[in-house]
Amino acid sequence: MLTTVLDRLTGLTSKYFVLGAFVPVLVFGFLNGVILYLEVGWFRAWAEPQLSVAARAVDVVATLVGLAVVAYVLWGLSGFLRQVLEGQHLRRESRLAGFLRGAQLRRFRAARHEYQHARDAAAGIAAAKPHWVDQLVDAAIKGNEAHAGRNSYDGQPGNAAADALATLRRRRERAEPPEPLEVQTAVAELGKVLAENDIDTAPAALERDRDDLYVLLDYAEDEWAAREAALGGRLQARFGAGAVAATAFGNVGESMQSYTLSRYRLNLPTFWSRLQPLLQKHQEFYAGLQDAKVQVDFLVSCVFLSALTTVFWVVALPFWGDSVWLLLAVLVLGPLITWGFYLAATENYVAFGELVRTSVDLYRFELLDALHLNRPRSLRDERLLWNAMQLVASSGQPWVDLGYRHDDTAKA
Amino acid sequence: MVHHFLEVPDRYRLLYAGDLLQARAAKVPTVGEVRGGHAVLVLDDKIAASDGLDLVFPMRTGQLYENMLVRRGVDYCLTGAAEDTVTIVTLHEDQGYALMGPAYQCNGQRKTHYFPEPRVSPGQRCPKIPSCGRTSTIEPYTG
């Protein structure tokens, strides 16, 4: 029966509706049905015959159709629900908005601080590394000249240089980048040892530790560079360039707009709907984009359905229910599940945002072609063009003029 | 650039081309006697299954590989071998670059040092001075 209804629904509507709205409603409808069955007598009396083999098909179909209608309403509200999660409907001056924004601002500052630290460390180590190598070479020459045939370094713990190297090795074992100060200390300490001993004389611990320090310098340089790129990407994917939004979900939304605006001066809310028909020509990419979108819609639906379910039963169970345990379970699990769905929705929104950025990077010139506009020769020209287009699209500025192309030369 | 896997019972050791050239210059008679190198874990189906590792496309499970290598305390693992080609996964990206990058040598008068490890660039002073002399610089490996 259910399979038939799902097939019918899939035939009548898109799979995106079925996955993005109907399935969540069905799941939460079932969950609410279980609670009703456990706690409410009239519902149990109605439901028990439905569980038998000779179920009343009319009731089951009516229930499924009812759920489908609810799902369709939810589908229609998906844009609004997304805006709610983005915090767009919070009054900016409200205490709740201020509280939420404060938390996001702290997250943003922490992420930005982490990125800036990685950036500075990467730049600092890359700039200092040639000097550090020179410093070690000079120290080795000095030790070789001044203390020929004498080498007392055994590399055992307790020696400042050996300990500083051990710190760097520990960092590498844990796959952590060493702090620049730790690297600098190791270079300085081993430099002192090199200047006081002849590295060409046994034991080989000094040569081994010096060679290992060189490898650790490479490691530090690469790890910080990789960390800078990763943290920069994270900052770009999760926060916009302007003021922070009240929610993490909202900041992911901001990040999409600020990316296209800062790179190309392309205002995404204005041009996204115009770009979408052109993306449909690229079937594989568009299917991926739609799949990512439906995952976001599915999880956004789940956030609201789980929140509504929790609130409803927390209010209703003290009046209708007999079991304290069920009320406690709803009180504890409800918020946890809602929060889990919210986190998952945010992560999927990040993935969707990556695809949106990619689609703008790859296909924005096709939009210019479709609008019969010349493709710009440079990034600067492109920024001026999108800026002018924005003025026309948003307020129809009469003083903006753009030349049209009606032949294939538009693609030249 | 050719690197070498030194096989000893149940484990492998990766010798960079620089290690081998250094050993050849020092007239080390057998590969087994070459010093240095890096421990390599040989991945079998059991480890791959328990850690959820993709042996065919390692990049698909990159994070799981990183966790596994950190947990086992090695920087390299061998995921496959066919004739003279092997697939290895490194813990850090720079180790991959070292395997794929060009070889260098110093023009020392007393001794020649070979690289890719540590990373060097042509024209810089040899980082292993003074054993090769006091003025040697780096140049591309000439064979």
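Colleague: What should helix α12 (residues 283-320) of chain A span at 1.5 Å a residue, and how far apart are its end C-alpha atoms?

Modeller: Its 38 residues should span 56 Å, and the end C-alpha atoms are 52 Å apart, which agrees. The expected span is 1.5 Å times one less than the number of residues. Helices are DSSP runs (H or I, at least four residues) numbered from the N terminus. This is a predicted model, where local features need pLDDT of at least 70 and side-chain atom pairs count only at pLDDT 80 or more, while totals for chains, interfaces and linings use all residues. Residues are numbered from 1 along each chain as its sequence is written, with chains lettered from A and ligands numbered from 1 in the order in which they are written.

Colleague: Where is the kink in α12(A)?

Modeller: At A:Val314, about 30°, shortly before the proline A:Pro318. The bend is the angle between axes fitted to the seven residues ending there and the seven starting there.

Colleague: Chain B now. How many of its residues are in contact with chain A?

Modeller: 16, against 17 residues of chain A; contact puts C-beta atoms, placed from the backbone, within 7 Å. In chain B, α3 (62-72) and α4 (93-100) each supply at least two residues of that side.

Colleague: Which domains does chain B have?

Modeller: Domain 1 (4-100) and domain 2 (103-143), with bounds from an automatic or database domain assignment. Their C-alpha centres lie 25 Å apart.

Colleague: And how many residues are in contact between them?

Modeller: Seven of domain 1 with eight of domain 2. Helix α1 (residues 17-25) of chain B gives the most to the domain 1 side, five residues.

How values were computed
Contact = placed C-beta atoms within 7 Å.
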